[in-house]
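Here are a few worked exercises on side-chain contacts. Try each task on the structure before you read its solution.

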Amino acid sequence: MILVAGHLMVDPAKRDDYVAVCVEAVEQARRAPGCLDFPVSADAVDPGRVNVFERWESAETLAAFRGAGPSGELMAEIRSASVVEYDVSGSRSLT
């Protein structure tokens, strides 16, 4: 399993618009083969922060989805980013 987690920093005045534009990408990801979860959300405390989290069955399914990458419009709005990809060898349910 592959996890992608972190955050993006955008102009606080444009953060909610940024998250709204991401809806289409979230919907596409969730329909993609191998996608187990894909939320993009506004941070509850920092008005310029967008939290990202992805969970994929494998590196191959993630790579297949990433082919196009984010649009130039979305990339232009990002002031900084801290996002890490993790290769998870095991897990256990907490529920």
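**Exercise 1. Which backbone oxygen does the side chain of Thr 61 reach, and where does Thr 61 lie?**

Step 1. The side chain of Thr 61 comes to 2.9 Å from the backbone oxygen of Ser 58. That is a polar contact (N or O atoms within 3.5 Å; within protein, one must be able to donate a hydrogen and the other to accept it, and residues adjacent in sequence count only if both atoms are side-chain atoms).

Before going on, some ground rules: this is a predicted model, where local features need pLDDT of at least 70 and side-chain atom pairs count only at pLDDT 80 or more, while totals for chains, interfaces and linings use all residues. Residues are numbered from 1 along each chain as its sequence is written, and side-chain values use heavy atoms, with hydrogens and water left out.

Step 2. Thr 61 sits in helix α3; helices (H or I, at least four residues) and strands (E, at least two) are DSSP runs, numbered from the N terminus.

Step 3. With a relative accessible area of 16%, Thr 61 is buried (buried is under 20%, exposed over 50%, partly exposed in between; 1.4 Å probe, protein chains only).

Step 4. Leave out residues up to four places away in sequence, and Thr 61 touches Pro 33, Gly 34 and Trp 56, where contact means heavy atoms within 4.5 Å.

**Exercise 2. Which residues form one aromatic cluster?**

Step 1. Set the rule: rings of Phe, Tyr and Trp (its six-membered ring) pair if their centres lie within 6.5 Å, with planes under 30 degrees apart stacked, over 60 edge-to-face and the rest tilted. By this rule there are three aromatic pairs.

Step 2. One of them is Phe 38 with Trp 56, edge-to-face at 6.4 Å centre to centre and 85° between the planes. Phe 38 is in the loop between β2 (35-37) and β3 (40-42), and Trp 56 is in strand β4 (residues 49-56), 18 residues apart.

Step 3. Check burial: Phe 38 has 7% relative accessibility and is buried, and Trp 56, at 0%, is buried too.

Step 4. Phe 38 also pairs with Phe 65: the centres are 5.9 Å apart and the planes at 70°, so this pair is edge-to-face. Phe 65 belongs to helix α3 (residues 59-66), 27 residues from Phe 38, and is partly exposed at 23%.

Step 5. Put together, the cluster is Phe 38, Trp 56 and Phe 65.
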